[in-house]
Amino acid sequence: MLYFVAAWGTLTLLAAGAFPGGAFVVLAIAAYTTIPLLIIIRYRGWPFYPGAAFRLLVVRPFWYTQLLLPLVSSAGLIGLLAGAPFGQALLVGRIAAAVVLTGGVLGLALGYFGARQLVVRRVDAAVTGLPAEFEGLRIVQLSDLHIGPHSNRRFLERVVRTTRELAPDLIAVTGDLVDDRAEDVAIYSDALGTLDAPLGVFMIPGNHDVYAGWDAVEKALREAKLGTVLVNESHIVRRGGATLALVGTGDPAGGKRGTSRAAPDIERALAGVPKGATVVAFAHNPALWPQLAARGVSLTLSGHTHWGQFALPSLGWSVASPFLKFAMGAHQENDSLLYISPGTGYWGVPFRLGAAPEITLVTLVRAATAAATVHAAESVMCAPREAQFANSASSGSNPRPATASRRTVTAP
């Protein structure tokens, strides 16, 4: 409350006299964007189902304001202090706040368009001991869709269309399927319910699925028959005499929320895996990877971090990097690989820069040494590129762009 009083007080001071009704306008914005926070604190969420209009007209302005408020108010306060010795405190404060506000709005606008720039990223996962029967197995990974009534339907249609054109053997949705409510499953079903693959569609819980009430979310997912829900359990795929185990974990948020069903239990998840089988795990939170790697899991597909929704991939840095050991991209430890998707949707506000919404196409390759080759992202906005995806899917081939940059993580 002290922060809000100081921040909005500074902006009110700067706006008073700057234009007619300036102070009133600032106070009105403060009330409009702070009352939702008070409701969330009081009820630990919304006491009703927030529909599309509410999320767009109330929730989204709330988040935009919370992102800009500390920056603009701090700039204004610094301007006040800097201009005071020269008798121009208000003028300098107003200029500083206006400059930062303009820059912030432009940045958010760029991030808004960035959140619509869907890409496909190919990842070749060289797996030691992979049976010949599973050479070239194609997995499409979708993650962190955060679907709700506010989700852009045209964007989701592009996700479905592109996934089909990639013709994967199986689809893995690695958590955060819905935004914040179990009712969002109906929106998810309507948007992505037609997705299918020869070996199936697999889903695991993410922290937002837990926040939404995992018991209700899981029940709705199973009733909608959207695929196989894996929570600390495995699914065995057999080709000839070879076996591949698909393992889905729970999410650490399940333990914090007291939802034991959704809490991770690695031993239980691997209990049904046949001895000697190659294991591909789906774990929403990459923090689970070390436990999976220690138990011989060959490949783990994760999400959760969003790459902070702002990243510098060429430097291997994202907003999430200072806070997480495994924040983005590919990692390798002995014969175990991890790939962290930046996610296909967004959370909070539609904002992504340097961390474009991604559909990941993972191809399993037999090798004596574990390695992950991460190719450059390929935009699906371009019609010729989409045609290339369709052609490669129909032929069963997996072409590599001759000029695409790539990064390889190999075992030492």
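Biologist: What is the mean pLDDT of the protein chain?
Modeller: The mean is 92, and 92% of the residues reach 70 or more; pLDDT is the predictor's confidence in each residue, from 0 to 100. This is a predicted model, so local features need pLDDT of at least 70 and side-chain atom pairs count only at pLDDT 80 or more, while totals for chains, interfaces and linings use all residues. Residues are numbered from 1 along each chain as its sequence is written, and side-chain values use heavy atoms, with hydrogens and water left out.

Biologist: And where does pLDDT stay under 50?
Modeller: Over residues 382-412, for which the model has 61 contacts beyond four places in sequence (contact means heavy atoms within 4.5 Å). Where pLDDT is low, the predicted coordinates should not be read in detail.

Biologist: OK, on to the core. How many residues does the largest nonpolar one have?
Modeller: It has 38 residues, and Leu142, Tyr188, Leu192 and Leu221 have the most contacts inside it. A nonpolar core here is a set of buried Ala, Val, Leu, Ile, Met, Phe, Trp, Tyr and Cys residues joined through side-chain atoms within 4.5 Å; buried means under 20% relative accessible area, exposed over 50%, partly exposed in between (1.4 Å probe, protein chains only).

Biologist: Which elements each supply at least two residues?
Modeller: Among them are β2 (138-142), α5 (153-166), α6 (184-192) and β14 (358-367). Helices (H or I, at least four residues) and strands (E, at least two) are DSSP runs, numbered from the N terminus.

Biologist: What does Tyr188 touch?
Modeller: Leaving out residues up to four places away in sequence, Tyr188 touches Leu145, Ile147, Val173, Leu177, Gly193, Met203 and Leu226.

Biologist: Switching topic, where is Arg181, and is it buried or exposed?
Modeller: Arg181 is in the loop between β3 and α6. It counts as buried because its relative accessibility is 17%.

Biologist: Which residues does Arg181 touch?
Modeller: Beyond four places in sequence, its contacts are Trp46, Phe48, Tyr49, Pro50, Arg55 and Ala212.

Biologist: Last one: which residues line the second largest cavity?
Modeller: Val173, Tyr188, Leu192, Gly193, Leu195, Val201 and Leu226 line that cavity, whose volume is about 40 Å³. On a 1 Å grid over the protein atoms alone, a cavity is a set of points where a 1.4 Å probe fits but cannot get out, and lining residues have an atom within 4 Å of a point. Grid points are joined across faces, edges and corners, and a volume is the space filled by probe spheres set on the points.

Technical notes:
1 Å grid on protein atoms, 1.4 Å probe; cavity = no way out; pocket = protein on both sides within 12 Å on 5 of 7 lines; lining within 4 Å.
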